[in-house]
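Hello,

Here is the structure we spoke about, with notes on what came out of it below. Please read the notes with the coordinates open.

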Amino acid sequence: ELILHPNVKITFENKADYFINGEILDYKKTPISYTSSDKTLEYRLEIRVKITVKDKNGKYHEIEINSD
C-alpha cells in the first residue's frame with residue numbers, strides 16, 4: 001500500500017524521513033463457513049502486529065494493531 005502512494009518513496013534507512021518496522025505478535029485462524037460435507041470453506045484470520053516507526057531525529061513511536 002505504501003509503495004502505491006505517490007508521496008512515498010522507498011529509500012535507504014539513513015536517507016529516510018521515517019523507518020517502519022513490523023512484527024507479527026500473534027495470529028488466529030478460525031473456520032467461519034463449511035461445505036455440505038463439513039470441510040472448511042473459509043477462515044477468519046485475526047492478526048496482532050506491532051509497528052515501530054523511527055523518525056529522522058531517532059525518536060521511536062510504537063503502534064500495536066489488532067485486526068478485530
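K56 counts as exposed because its relative accessibility is 60% (buried means under 20% relative accessible area, exposed over 50%, partly exposed in between, with a 1.4 Å probe and protein chains only). K56 forms a salt bridge with D17, and the closest N and O atoms of the two are 3.7 Å apart (a salt bridge is a side-chain nitrogen of Lys or Arg within 4 Å of a carboxyl oxygen of Asp or Glu). D17 lies in the segment before strand 1 and K56 in the loop between strand 2 and strand 3, so this pair ties together parts that are 39 residues apart in sequence. Strands here are DSSP runs (E, at least two residues; helices would be H or I, at least four), numbered from the N terminus. D17 counts as partly exposed because its relative accessibility is 46%.

This is a predicted model, in which local features need pLDDT of at least 70 and side-chain atom pairs count only at pLDDT 80 or more, while totals for chains, interfaces and linings use all residues. Residues are numbered from 1 along each chain as its sequence is written, and side-chain values use heavy atoms, with hydrogens and water left out.

Other salt bridges

The count comes to five salt bridges. One of them joins K50 to E23, with the closest N and O atoms 3.8 Å apart. K50 is in strand 2 and E23 in strand 1, so the link spans distant parts of the chain, 27 residues apart. At 25% relative accessibility K50 is partly exposed, and E23, at 41%, is partly exposed as well. R44 forms a salt bridge with E46, where the closest N and O atoms are 3.6 Å apart. R44 is partly exposed, at 40% relative accessibility. K28 also belongs here: K28, R44 and E46 are linked in a network of salt bridges.

Strand 1 and strand 2 run antiparallel and are joined by 15 bridges; within strand 2, L45 stands opposite K29. Strand 2 (residues 40-55) is joined to strand 3 by seven bridges, again antiparallel. On that side I51 stands opposite I63 in strand 3, and E64 in strand 3 is the bridge partner of K50.

The two turns

Strand 1 and strand 2 form a hairpin with five residues between them. D38 is in the loop between these strands, and its phi is near 70 degrees, a positive value in a residue other than glycine. Most residues other than glycine have a negative phi. Is D38 buried or exposed? D38 counts as exposed, at 62% relative accessibility. The hairpin of strand 2 and strand 3 has four residues between the strands, and there G58 takes a positive phi near 90 degrees.

Two positions in strand 2

R48 is in strand 2 and is partly exposed, with a relative accessible area of 29%. Neighbours within four places in sequence aside, R48 is in contact with E23, I24, L25, D26, E64, I65 and N66 (contact means heavy atoms within 4.5 Å). R48 and L25 are 23 residues apart in sequence, but their C-alpha atoms are 5.5 Å apart in space.

T52 is also found in strand 2. T52 is buried, with a relative accessible area of 17%.

Rings

The charged end of K29 sits over the ring of Y43, 4.4 Å from its centre (the criterion is NZ of Lys or CZ of Arg within 6 Å of the ring centre and within 35 degrees of the ring normal). The count of aromatic pairs comes to zero (rings of Phe, Tyr and Trp, the last by its six-membered ring, pair if their centres lie within 6.5 Å; planes under 30 degrees apart count as stacked, over 60 as edge-to-face and the rest as tilted).

Regards

How values were computed: Pairing = 2+ DSSP bridges.
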